[in-house]
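Dear colleague,

I am handing over the structure below, and my notes on it follow. Please read them with the model open beside you.

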Amino acid sequence: DLTFHKAKTACYAASKCQSVKEKREKLQEAEDLFKKCIGMDPMDGRAYVGLGKLLRTMKRIKEARQLYEDGSVACVGENAYIWQSWAVLEEKEGNVAKARDLFDAATVADRQHAAAWHGWGMLEARQG
């Protein structure tokens, strides 16, 4: 939990950096810490979600997709947070059909996962 907290703190610090060099260093620190978290507990979905969001922010979309896929496999498809975060990525990338499938997977993994239901509802509202 401490390593995960440090990773999230580094992400936040990166968002506040004025210099590009300092921001890059903080983002790398956060990435390394999230990867360390995954190595310590591959079943903890929080690190996959945190790193996936970080990769998305850094425009490393292919890596984020692969990470979410790896995370869903490591968690045996039972982590709604990973599915939901992946769905958001796909929606932002314009892959609406894939996003729907992933929101569906999130709600199957956890019928009470409010963020998945809300995200899916907002996707459908935006689609008309």
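H1 and H2 are roughly antiparallel to each other, a term used for angles over 145 degrees, while angles under 35 degrees count as roughly parallel, 65 to 115 as roughly perpendicular and the rest as oblique. This is a predicted model, in which local features need pLDDT of at least 70 and side-chain atom pairs count only at pLDDT 80 or more, whereas totals for chains, interfaces and linings use all residues. Residues are numbered from 1 along each chain as its sequence is written, and side-chain values use heavy atoms, with hydrogens and water left out.

The helices are DSSP runs (H or I, at least four residues; strands are E, at least two), numbered from the N terminus. H1 and H2 pack at an angle of about 160°, and their axes are 8 Å apart; axes here are lines fitted to C-alpha atoms, for helices over the stretch in contact, and angles run from 0 to 180 degrees between N-to-C directions. H1 passes H2 in a left-handed crossing, meaning that the near helix is turned anticlockwise from the far one by less than a right angle, clockwise being right-handed. In the contact (heavy atoms within 4.5 Å), the residues of H1 include Phe4, Ala7 and Cys11, and those of H2 include Leu27, Leu33 and Phe34. The residues of this contact divide into 12 nonpolar, one polar and six charged, where Ala, Val, Leu, Ile, Met, Phe, Trp, Tyr, Cys and Pro count as nonpolar, Asp, Glu, Lys and Arg as charged, and the others, Gly among them, as polar.

Helix H6 (residues 96-109) and helix H7 (residues 114-127) have axes that come within 9 Å and cross at roughly 155°, and H6 and H7 are therefore roughly antiparallel to each other. Their crossing is left-handed, and among the residues that meet are Phe103 in H6 and Trp117 and Trp120 in H7.

The axes of H3 and H5 also come within 9 Å, but cross at roughly 15°, so H3 and H5 are roughly parallel to each other. Tyr48, Val49 and Lys53 are among the residues that H3 gives to this contact, and Tyr81, Ile82 and Leu89 are among those from H5.

The largest pocket has a volume of about 380 Å³. A pocket is an open set of points on a 1 Å grid over the protein atoms alone, where a 1.4 Å probe fits, with protein on both sides within 12 Å along at least five of seven lines, and lining residues have an atom within 4 Å of a point; the volume is the space filled by probe spheres set on the points, which are joined across faces, edges and corners. Of its 21 lining residues, the closest to the centre are Lys8, Phe34, Val49, Gly50 and Lys53. The largest share of the lining, seven residues, comes from H3.

Best regards
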